[in-house]
Amino acid sequence: MTDRERDRPITDVGTLKALAHPLRMKLYRGLCIADRATASQLADQVDEAVSLVSYHLRKLAEHGLIEAAEPQSADGRERWWQPASDGIAIRDLDFRDAPEKAAAHLAATRLFHDQRTGLYRRYLDERATWSTEWNAAAPDSESLLRLTATELDELRAELLALARKYDELGRTAEANGDTEGREHVALHVYGFPFRR
């Protein structure tokens, strides 16, 4: 783990709206995956102009979501960026006290889920290019449980702790040079109440 904050809480609408822009969220996610990158590198990933990407990176930086990083090359003209924290935390509870805040939270949540769905669809479309081992290891399951809100919250906390455990194992192994067969893995967990 770095010296960065583990999960930065987002509690204000301005920061939430800054992140809930489709291109900015793609850039933020890409930067989290790369750990450090330039606007030019990120522009190649999202197929946008470097000037547009630079503008949106500055907006993310204004809200403390990303920050300048140490240069990774001798080219002093390149500006490097990194996430300002190891993650973000957005809680529904922080946006319930006003209708405009609740609306912003709902719009942001829908965008995040749409982008996650797009990422998973891309995996499905490319599944044939992944090995049998990777395809067998990739979970795709649904559990229909009978829980209280307290039990669901406990399950959420346990799943998050388990994901963090494996993230730490992977980061430590990679830092020690163990990169053989290691890939980026997205783990999306949704738990929500519903009625029949």
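Predicted model: local features only at pLDDT ≥ 70, side-chain atom pairs only at ≥ 80, totals over all residues.
Student: In what sense do strand 2 and strand 4 pair?

Tutor: Strands here are DSSP runs (E, at least two residues; helices are H or I, at least four), numbered from the N terminus. Two strands pair if DSSP finds at least two bridges between them. Strand 2 (residues 37–38) has two bridges to strand 4, with Ala37 partnered by Trp81. Their pairing is antiparallel.

Student: And which strands are at the edges of the sheet?

Tutor: Strand 3 (residues 66–68) also pairs with strand 4, over three bridges, and Ile66 has Pro83 as its partner. That gives an open sheet in the order 2-4-3. Pairing on one side only makes the edges strand 2 and strand 3.

Student: Are the residues of strand 4 buried or exposed?

Tutor: Look at both faces of strand 4 (residues 80–83): Trp80 and Gln82 lie on one side, Trp81 and Pro83 on the other. The cut-offs are under 20% relative accessible area for buried and over 50% for exposed, with partly exposed in between (1.4 Å probe, protein chains only). All four of those residues are buried.

Student: Which helix packs on the sheet?

Tutor: This helix touches strand 2, strand 3 and strand 4, where contact means heavy atoms within 4.5 Å. The one packing there is helix 2.

Key: Residues numbered from 1 in each chain as written. Heavy atoms only, no water. Axes fitted to C-alpha atoms, helices over the stretch in contact; angles between N-to-C directions.
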